[in-house]
Amino acid sequence: MPVRPADIALAHRLADAAGAVIRPYFRRPAGLELKEDRSPVTRADREAEEAMRRILDAERSGDGIVGEEHGIKDGVTGRRWILDPIDGTHSFTVGRAIFGTLIALVEDGWPVLGIIDQPVQRERWIGVAGHATEFNGAPAHTRACAALEGAIVATTSPHLFGEGDVPHYMALIAAASGGSPRQGPVYGGDCYNYGLLASGHLDVVCESGLKLYDFAALAPIVEGAGGRMCDWNGDPLTAESEGHVLAIGDPARTDDVLEALHQGHTH
């Protein structure tokens, strides 16, 4: 079923509502706390998600909601809105404007709409299944990558990888860098890296341990810009994916990336 224009407009309004909450807290006290999993959370995270949920409760009461901060609301329509009010809370708390609000619409397990919104810099990527990705209203395109060696690879932090995943990530970095420290990976960025890849500034993003609210919005954006999103086995991302995520700007490099990451590595 095609994504309805009304849903696209609603997603933009959700991003606007979250941004209006987040901007006044940026580089100001925001009540930093640590959750049970030791990840950071602030008033801005919680209040931004509350603002989005209020709109959804009023206008899409039958749809489900999955939010990082306020949990799951079951729906009856087969559609779920996936919300991460601040993806990159650590960057937010130290004043780095490379975090983003993530909003996705998932239908029958498949992400069909995604937004990455950077509210401070007022940068927004939107991807919709069957449509070209847009960045601030203009088409966004990934870039060609002739070979894996020389490709720019990004990840938020290798410290976030599970112990068993680190050797595979390092093998990918070795293949991309060709042994040159000047061609090393880009660190930091969370969801912002995927927007940069969609706009042709990065070649590969590699992550593990992501949750549905971390990656659901990304697939429509990267794929609508000409790239490829998959797990470490090369399978498409769905609501059931385990969180080993690859974004590849030039799909022609997919086999190279998977081979470098690890031959026969499965999850």
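The questions and answers below concern a predicted model of a protein.

Q: How many helices and strands does the protein have?
A: Both kinds of element occur in this predicted model. The protein contains eight helices, and its strands number 15.

Q: Why can the protein be called as compact as a globular protein of its length?
A: The globule rule gives 18 Å for 267 residues. The protein is as compact as a globular protein of that length because its radius of gyration is close to that value, at 18 Å.

Q: What share of the residues in the protein is buried?
A: A residue counts as buried when its relative accessible area is under 20%. Of the 267 residues in the protein, the buried ones make up 55%.

Q: Which strands are the edge strands of the open sheet of eight strands?
A: The order of this sheet is β4-β3-β5-β6-β7-β8-β9-β10, with mixed pairing. An edge strand pairs on one side only, and this holds for β4 (71-73) and β10 (138-139).

Q: In which sense do strands β7 and β8 pair?
A: Strand β7 covers residues 110-118, and strand β8 covers residues 123-128. Over six bridges, the sense of the pairing is antiparallel.

Q: How far apart do the centres of the positive and negative side chains lie?
A: The protein has 23 positive side chains and 38 negative ones.

Technical notes: Residues numbered from 1 in each chain as written. Predicted model: local features only at pLDDT ≥ 70, side-chain atom pairs only at ≥ 80, totals over all residues. Heavy atoms only, no water. Helix = DSSP H or I, 4+ residues; strand = E, 2+ residues; numbered from the N terminus. Rg over C-alpha atoms; globule rule 2.2 N^0.38 Å. Buried < 20%, exposed > 50% of the residue type's maximum accessible area, 1.4 Å probe, protein only. Lys, Arg positive; Asp, Glu negative; His and termini not counted. Charge placed at Lys NZ, Arg CZ, Asp CG, Glu CD. Pairing = 2+ DSSP bridges.
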